[in-house]
Amino acid sequence: MEKAALIKAKNPYPKKKLSKKQREALEAWGFIGVGFLLFVVFMLYPLIKNFIIAFMNYSINPNKPSTFVGLANFKRAFVSGGILEESQKFYLALKNTFLAVLVTVPFQWFIGIIIAIAIDSLRRFKLFYRFMLYIPVISDWLVVAILFKYLFQPTSGSLVNAFLLKLNLISKPIGWFENAGTANIVIWSLCIWKGIGWVMMMYTAALQDLPKSLYEAAMVDGANKKQLFYKITLPLLSSRTYFIIISLIIGAFNILLQVMLITNGGPLGQTDVLLNYMYNKAFTSFDFGYAAAISLIMGSILITISVLQNKITKKTEIEF
Amino acid sequence: MKKYSIGQIFLHLFLLMFVIAAIIPFLNMITVSLIPNSYILPTKPQILPESFKAISFVNYKKVWGRESFGRYFLNSVFVSSMATILTMFVSTLSAYGFARLNFKGKKIIFNLYVFSLMMPAVLAIISQFTVLQKLKLINTYTGLILLYVSGGVAGNTFFLKGFFETIPKELEESVIMDGGSRWTIYRHIILPLSKPALGTLAIGVFTGTWMEVFTALVVLTSKSKRTLPIAMKLLQNGRATEWGLIFAGSIIVLIPILIIFIIFNKQFIKRSGAEGAVKG
């Protein structure tokens with residue numbers, strides 16, 4: 001091996017004494033070096049440091065030392081009691097986060113797939129619908145969150161109240177933000193409204209990728225349209241479905257701007273979600289240790305989901 | 001000419017319902033932004049302007065001038081463009097290194113990248129803040145752009161490496177025969193041949209940075225440095241009832257994204273299908 005490398009090293013670069021391997025490694029670091037340095041300093045190190053901060057009473061003031069407090073930050077979140085009653089707020093945020101997942105994911109998925117199938121069965125104007133329904137997806141979360149706050153204003157002139165009044169579903173305008181139940185409905189409907197287009201696009205792409213040969217073969221065998229749909233289309237789409245649902249779940253866990261801008265947790269923290277709670281703990285009350293602990297809890301939930309996804313999708317992936 | 005069956009008509013009606021639900025909120029927003037002094041909520045929703053005469057751009061002038069959105073717009077253009085250019089440079093170099101060169105520790109580093117992709121971004125933000133604090137980069141564009149570029153290294157390397165590997169190696173051998181370096185290969189073969197993938201990535205990075213709030217909110221503290229999304233958020237806090245003004249600002253934020261979407265809609269549509277882009 002070494003001899004071969006030495007012989008090769010003479011040609012085409014005879015000037016230097018480095019072996020070809022060393023030379024290649026040096027060149028490689030020239031290419032990946034900057035990216036790796038940035039990655040280590042601004043991603044890897046912070047990720048590791050975050051683990052440590054979560055076990056500290058962390059002080060951002062350099063003159064005031066940070067102290068290790070063991071599991072105290074986690075205890076504050078999970079166990080009720082103590083001087084500052086935080087666990088109640090934490091559980092509320094946790095509950096709302098899970099509720100958001102449970103409510104928004106099925107609706108987004110179901111409406112999205114129905115629309116995708118409808119678009120796929122059209123003869124004309126497919127692109128028009130895909131384009132129009134994708135506009136909410138590309139729009140800024142910040143802007144649409146503010147927009148939804150407007151649409152759900154408590155007067156009879158706001159779009160949603162006016163619509164419901166016209167349909168005689170309600171007799172007087174609803175004060176959507178006055179209690180947690182209706183405020184959550186506003187947040188969820190925004191998530192669903194914005195997410196449907198994404199699901200639609202994922203499935204229309206999947207439908208286009210389905211192998212035509214399978215359908216032709218089935219038609220030769222005398223299968224009707226209904227059979228084609230239930231026996232071929234749906235099973236083949238299911239391999240994409242896992243990916244789509246996991247992405248929706250992770251998206252719903254990451255709800256932040258919706259809550260921050262529409263209710264900011266109100267009334268009385270009853271619509272708070274984990275990310276908004278963590279953000280306020282860190283950057284409003286500068287309680288970094290506790291906030292880091294919250295982010296670790298959230299991180300472990302998300303990693304569990306990704307690991308489960310990898311296990312499940314490996315089993316069900318259909319190759320064609 | 002094809003005749004429309006009842007089924008097709010029904011499908012169109014069904015889909016139009018959703019198109020209306022998707023578009024009406026935006027129409028409502030545009031109309032309100034064109035009405036001056038829209039403090040008080042109207043008695044009925046304004047989907048379209050009542051008459052051509054009623055349209056006024058007063059809110060846009062106010063938000064652009066008095067609320068300094070003109071300045072924030074330029075700030076955002078600067079941050080997003082710089083972040084995009086640097087990201088493209090760092091990621092293409094790095095992806096080429098991983099796609100074509102062998103070196104010690106390659107596997108470990110690549111696995112670290114993949115591992116970091118599985119970690120939610122929120123995990124890092126608190127310590128990223130403390131790192132920037134130590135480097136005295138809080139409230140600087142350098143700090144913000146560095147976070148944007150670094151945050152993308154792993155994902156973009158992963159994405160581009162896959163693409164670079166599909167380029168036939170024979171093309172590079174001819175360069176080596178002519179005595180060209182790796183740099184020549186990267187510059188004159190890999191980059192020109194990857195234009196579609198690079199275009200898709202650049203659009204994604206630019207629009208993603210343009211709309212980013214979370215990191216910018218943490219890093220930038222002074223008023224004059226704000227990017228558009230932060231300015232928008234603070235405008236909404238400060239002038240909660242001046243909806244005309246707020247929506248004029250919102251539309252200024254949205255317009256560049258919409259223009260990019262209209263020009264490159266095929267890339268958007270393709271990207272969301274083929275690589276399973278991250279859900280926004």
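1. Helices H11(B) and H12(B) cross in a left-handed sense; a crossing is left-handed if the near helix is turned anticlockwise from the far one by less than a right angle, and right-handed if clockwise. The model is a predicted one, in which local features need pLDDT of at least 70 and side-chain atom pairs count only at pLDDT 80 or more, while totals for chains, interfaces and linings use all residues. Residues are numbered from 1 along each chain as its sequence is written, and chains are lettered from A and ligands numbered from 1 in the order in which they are written.

2. H11 of chain B spans residues 228-238 and H12 of chain B spans residues 243-263; they pack at about 165° with axes 10 Å apart. Helices (H or I, at least four residues) and strands (E, at least two) are DSSP runs, numbered from the N terminus. Axes are lines fitted to C-alpha atoms, for helices over the stretch in contact, and angles run from 0 to 180 degrees between N-to-C directions. The angle therefore makes H11(B) roughly antiparallel to H12(B); angles under 35 degrees count as roughly parallel, over 145 as roughly antiparallel, 65 to 115 as roughly perpendicular and the rest as oblique.

3. From H11(B), the contact uses Leu228(B), Pro229(B), Met232(B), Leu235(B) and Gln236(B), and from H12(B) it uses Ile246(B), Gly249(B), Ser250(B) and Val253(B). Two residues are in contact if their C-beta atoms, placed from the backbone, lie within 7 Å. By class, the residues of this H11(B)-H12(B) contact are six nonpolar, three polar and no charged. Ala, Val, Leu, Ile, Met, Phe, Trp, Tyr, Cys and Pro count as nonpolar, Asp, Glu, Lys and Arg as charged, and the others, Gly among them, as polar.

4. The contact between the chains takes 76 residues from chain A and 75 residues from chain B. On the chain A side, helix H2 (residues 20-53) gives the most, with 22 residues. That side of chain A has 56 nonpolar, 14 polar and six charged residues.

5. H2(A) also meets helix H4 (residues 106-118) of chain B: their axes come within 12 Å and cross at roughly 50°. H2(A) and H4(B) are therefore oblique to each other, and their crossing is left-handed. Phe36(A), Met43(A), Leu44(A) and Leu47(A) of H2(A) make the contact with Ile109(B), Leu112(B) and Ser116(B) of H4(B). These residues of H2(A) and H4(B) comprise six nonpolar, one polar and no charged.

6. Within chain A, helix H6 (residues 141-151) packs on helix H8 (residues 180-209) at an angle of about 130°, with the axes 10 Å apart. That angle makes H6(A) oblique to H8(A), and the crossing is right-handed. Val144(A), Ala145(A) and Phe148(A) of H6(A) meet Val186(A), Leu190(A) and Lys194(A) of H8(A). The contact of H6(A) with H8(A) holds five nonpolar, no polar and one charged residue.

7. Chain A is divided into domain 1 (2-44) and domain 2 (86-316), with bounds that come from an automatic or database domain assignment. The C-alpha centres of these two domains of chain A lie 46 Å apart. An unreviewed UniProt entry places "domain: ABC transmembrane type-1" at residues 94-309 of chain A. That span of chain A, 94-309, is 76% helix and 0% strand, and its end C-alpha atoms lie 21 Å apart.

8. For "transmembrane region", the unreviewed UniProt entry for chain A lists several spans, including 25-48 and 185-206. UniProt positions are given in the numbering used here, feature names are shortened, and annotations may be inferred rather than shown by experiment. Residues 25-48 of chain A are 100% helix and 0% strand, with end C-alpha atoms 27 Å apart. Residues 185-206 of chain A are 100% helix and 0% strand, with end C-alpha atoms 31 Å apart.

9. For chain B, "transmembrane region" in an unreviewed UniProt entry includes residues 12-35 and 240-264. Residues 12-35 of chain B are 92% helix and 0% strand, and the end C-alpha atoms lie 33 Å apart. Residues 240-264 of chain B are 84% helix and 0% strand, and the end C-alpha atoms lie 34 Å apart.
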